[in-house]
Amino acid sequence: MKIAIIGTGNVGCACAMAAVNRGTAREIVLVNRSRKTAEAVATDMRYGTPLGPKLDIVDGDYEDLKGAGIVLITVGMNDKNAEIYREIVPRIVRAEPNAVLLVVSDPPDPLADIAREAAPGAAVLSTGTYLDSQRFRVHLGKHFGADPAHVEAQVIGDHGTSQVFLWSSARIGGVPVAALLEKRGERMDELRQKLEKDVRYANITIIEGHDASQYGIGIVSARIAEMVLNDERAVVPIGSYQKRFGVTLSLPSVVGRRGAIEVLEPEMSDEEREGLGKSADALDKALDRVRKQPRAKVAASN
């Protein structure tokens with residue numbers, strides 16, 4: 001019951017804080033380019049652990065990843081992310097070849113493909129559209145005055161503006177959203193336009209007000225770690241390599257100890273299926289751009 005987090009910037013710290021509060025694992029190891037920074041973060045959080053689930057949070061180096069069931073990679077340095085991944089992913093796998101790698105850094109889907117290329121055979125996941133799906137659920141719950149935990153709604157494809165909202169299968173209490181709107185005398189097109197804009201551009205809205213989008217992805221990443229560590233076989237929209245499309249993208253998947261154990265393709269309308277193809281094309285272009293990033297040697301960033 002051990003997880004590791006690579007990078008203690010805003011997102012890495014949010015992942016660690018969520019894991020501490022949720023009691024995601026008995027041991028959390030933080031690794032950062034500056035060991036002093038990782039030590040400070042771990043020490044700060046450790047002082048609060050007596051008040052929560054039993055666990056320990058420590059700083060470490062790559063050799064301390066041994067025994068981790070999942071490694072959350074949150075490092076990022078803008079146009080050097082690909083090279084950072086090419087450098088650190090082999091180090092992670094050498095330390096713990098059986099760990100699932102969860103790519104959290106933006107853009108998560110293309111970087112998951114870079115991680116897979118850097119460590120053939122490793123189990124690699126991207127946080128993908130899992131957070132986008134929670135945003136979809138929250139906005140639908142708000143519109144209908146329902147608890148988002150009881151809203152069934154998924155976003156698939158890429159974690160970006162080409163993502164696909166599965167309106168055809170969105171339900172509240174088993175009732176299709178379309179039927180609820182009809183009963184209220186509301187138009188689907190109007191709700192779709194507003195809600196999809198709110199979800200697609202949520203990161204921008206958050207960053208404009210608070211510099212970084214971090215807490216939602218931190219909670220989502222901790223939850224994914226629990227699915228892996230506990231071999232839950234939970235079914236969630238999450239990113240993994242899809243051979244049919246040639247890229248990593250999100251589809252509902254059974255998540256357990258070895259990552260995405262089985263990928264499920266939901267029923268889709270013709271519009272949604274076409275949108276998924278366009279999302280895959282957008283990811284293919286994004287991966288090409290990421291592969292062409294500068295290859296100057298850099299140290300792992302926070």
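## Contacts of D113

D113 touches Y241, V247, T248 and L287, leaving aside residues up to four places away in sequence; contact means heavy atoms within 4.5 Å. D113 sits in helix α4 (helices, H or I, of at least four residues and strands, E, of at least two are DSSP runs, numbered from the N terminus). With 1% relative accessibility, D113 counts as buried (under 20% relative accessible area; exposed is over 50%, partly exposed in between; 1.4 Å probe, protein chains only). The side chains of D113 and R116 make a polar contact of 3.1 Å (a pair of N or O atoms within 3.5 Å; within protein, one must be able to donate a hydrogen and the other to accept it, and residues adjacent in sequence count only if both atoms are side-chain atoms).

## Basis of the values

The model is predicted: local features need pLDDT of at least 70 and side-chain atom pairs pLDDT 80 or more, while totals for chains, interfaces and linings use all residues. Residues are numbered from 1 along each chain as its sequence is written, and side-chain values use heavy atoms, without hydrogens and water.

## Three-stranded sheet

An open sheet has the order β7-β10-β11 with antiparallel pairing (strands pair if DSSP finds at least two bridges between them). I172 has V175 in β11 as its bridge partner.
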